[in-house]
Amino acid sequence: MSATTTTTVLPGQHVPAQHVNLKLGPGLLQHSDASTSASPSIIATRAGTLHHSANRAKWWVESNSRRYIPAPQESVIGIIVQKAGEGFRVDIGSAHPASLDGLAFEGATKRNRPNLKIGNLIYARVSLAHKDMEPELECFDAQTRKAEGFGELKGGFMVRCSLAMCRRCVLSALSSYLNYENSNSLDPTYFSWQRSLLDSTHFLLPLLGARFPLEAAVGVNGRVWVNAKDTREVIGIARCIEAVDPDGDGGGMDEGGVVELLRTLGL
Amino acid sequence: MRPPSPSIPEKEFLFTALKQSLRLDGRLPLELRTPILSFGPELGWVECALGKTRVIAHVDAKMVKPPPERPFEGIITIHSEISPMASSEYEIGRPSEEEITITRMLDKVLKRSDAVDKESLCILAGQRVWHLRLTLHCLADAGNMLDCACLAGIVALKHFRRPDVEVIGDEVTVHPPSERAPIPLSMHHTPFCLTFAFFSAPDTAPVLDPSQLEQRLSAGLMSVALNAQRELCVVQKLGGVPLSMDEVLRIVNVAVEKAKELDQLVDARLKEDWLGRNVELI
């Protein structure tokens, strides 16, 4: 994490965030009071630790929760639960199912739409997240409009972990995982935009990637999709994520513990 | 809102892994998650954890007048609270088929198996009996909540001690724990419930103590309740895949071994807790 202060905030607490190009992340809300002409104040909507980027332009609150609350531009892993007319209804673990348009894929046209079945896994980006509306997903990058790894996730296995684990640990690992890409015979991992937001390094995926080739897609909704050549390897990854997860059975295992666990698994 | 059924990749991966006798949490097919029992400050307060599945059981006793048709027997009631706190599968006020199964099975395993000697709960025939209330709070469901709840319930009953009473003529005196040591319940036996999950693929072996994903993808469950003395109390199999007699007998034999292990574990934990507890004696 870049230049972070460990301030704990509670819902409703005033946050001293000021910048000409201020960007608010999850857990913060701009609160404009009509009675005062002063500049709108920023308040926290979640309890957690307050973080900001080095230039104090981006602010967000980090916390752990059970229920995923969609936020725009976050990459998520969803399960198709229903076909709805032109599009799909997708379960992303939020309070309401998200909608995914049939044309929100790279190169999709009226004639040529992806054929997704109920139960398929997709890696998508939240394009609309408003508290009064159901979330909307898109399966292409916002800038390039290319797939960039978004789309259907075939095969593999989906591991569920805590939201904090996804955000803090696994996701931040992706930036460092770049270096391991070349050693893999399988496709490189999928990236999400947050790698710039959270740039600290986490040991888990590089450690696993150095041992055997793997594919991973991390959704910040507490789901990680992994694939490897062997079933035992996939189970190994799943168990490592579970062990490192601070909410899991391992209770936040460190790097030495994971190396030991992998040794006992014979990986 | 009920969560959607597991996705296609999850389902296919679980089946391929099970075909190779591999389970996602690294257990063997017939391996139980080791139960973790923690006792509260009160007697009869137990928290049982099977992996991430957690159930709290609590026993309390009060004196009531027995119903006229059973004047010599105490009363046991079981309150099982399965709320959305355990899993979003459960809803308030609309018990699903699964919830009803759990509640009925708890009743069979803990009450109708005659684990507690009801006649020993009688204080004064037709006038005063003990009414035991066992409350089970399901905190988290990560699969196999039934076994966890049964274990929590039976351990709570074994852990509980009721106040000593003295009867002189028609006069009943209740001695508080500070005066006389409370008395453990008189138990006939200790039944344990063990659940096996079966899968539709013919070459997939059954698994013991299914995780949530295994439970949801299974083609059928079979619950066996028995004690360490090889006495079978309940066998429950609601639909699902057909099983041959040999298979059922094999499952029961496995369950016997597991029940013996559980019995030892429970006794060791209860003894450990009792030694660490300072109960005043006269």
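Select strand β11 (residues 192-198) of chain B together with β12(B), where two bridges join the strands in the antiparallel sense; helices (H or I, at least four residues) and strands (E, at least two) are DSSP runs numbered from the N terminus, and two strands count as paired if DSSP finds at least two bridges between them. Within this pair, Phe196(B) has Leu208(B) of β12(B) as its bridge partner. The model is predicted, so that local features need pLDDT of at least 70 and side-chain atom pairs count only at pLDDT 80 or more, while totals for chains, interfaces and linings use all residues. Residues are numbered from 1 along each chain as its sequence is written, and chains are lettered from A and ligands numbered from 1 in the order in which they are written.

Now widen the selection to the open sheet of four strands, which has the order β12-β11-β13-β14 (chain B) and antiparallel pairing. At its edges stand β12 (207-208) and β14 (232-237) of chain B, each with a single partner strand, so one side of each is left without a neighbour in the sheet. Contact here requires that the C-beta atoms of two residues, placed from the backbone, lie within 7 Å.

Keep α2 (residues 97-112) of chain B and show helix α3 (residues 145-159) of chain B beside it: the two pack at an angle of about 35°, with their axes 10 Å apart. On the α2(B) side the contact is made by Ile102(B), Met105(B), Leu106(B), Val109(B) and Leu110(B), and the α3(B) side includes Met145(B), Leu146(B) and Gly153(B). By class, this contact has 10 nonpolar, one polar and no charged residues; Ala, Val, Leu, Ile, Met, Phe, Trp, Tyr, Cys and Pro count as nonpolar, Asp, Glu, Lys and Arg as charged, and the others, Gly among them, as polar.

Next, display both chains, where 18 residues of chain A are in contact with 15 residues of chain B. On the side of chain A that touches chain B, β8 (75-84), β14 (157-160) and α3 (231-244) of chain A each supply at least two residues, and the largest share, six residues, comes from α3(A). The residues of that side divide into nine nonpolar, five polar and four charged.

Then turn to chain A and select its open sheet of four strands, with the order β1-β6-β7-β3 (chain A) and mixed pairing. Its edges are β1 (7-9) and β3 (23-24) of chain A, each with a single partner strand, so one side of each is left without a neighbour in the sheet. Two bridges join β3(A) to strand β7 (residues 58-62) of chain A in the parallel sense, and Lys23(A) has Lys58(A) as its bridge partner in β7(A).

Finally, select strand β9 (residues 87-91) and strand β10 (residues 98-105) of chain A, which pair in the antiparallel sense over three bridges. They form a hairpin with six residues between them, and Gly93(A) in the turn has a positive phi of about 85°.

Key
Axes fitted to C-alpha atoms, helices over the stretch in contact; angles between N-to-C directions.
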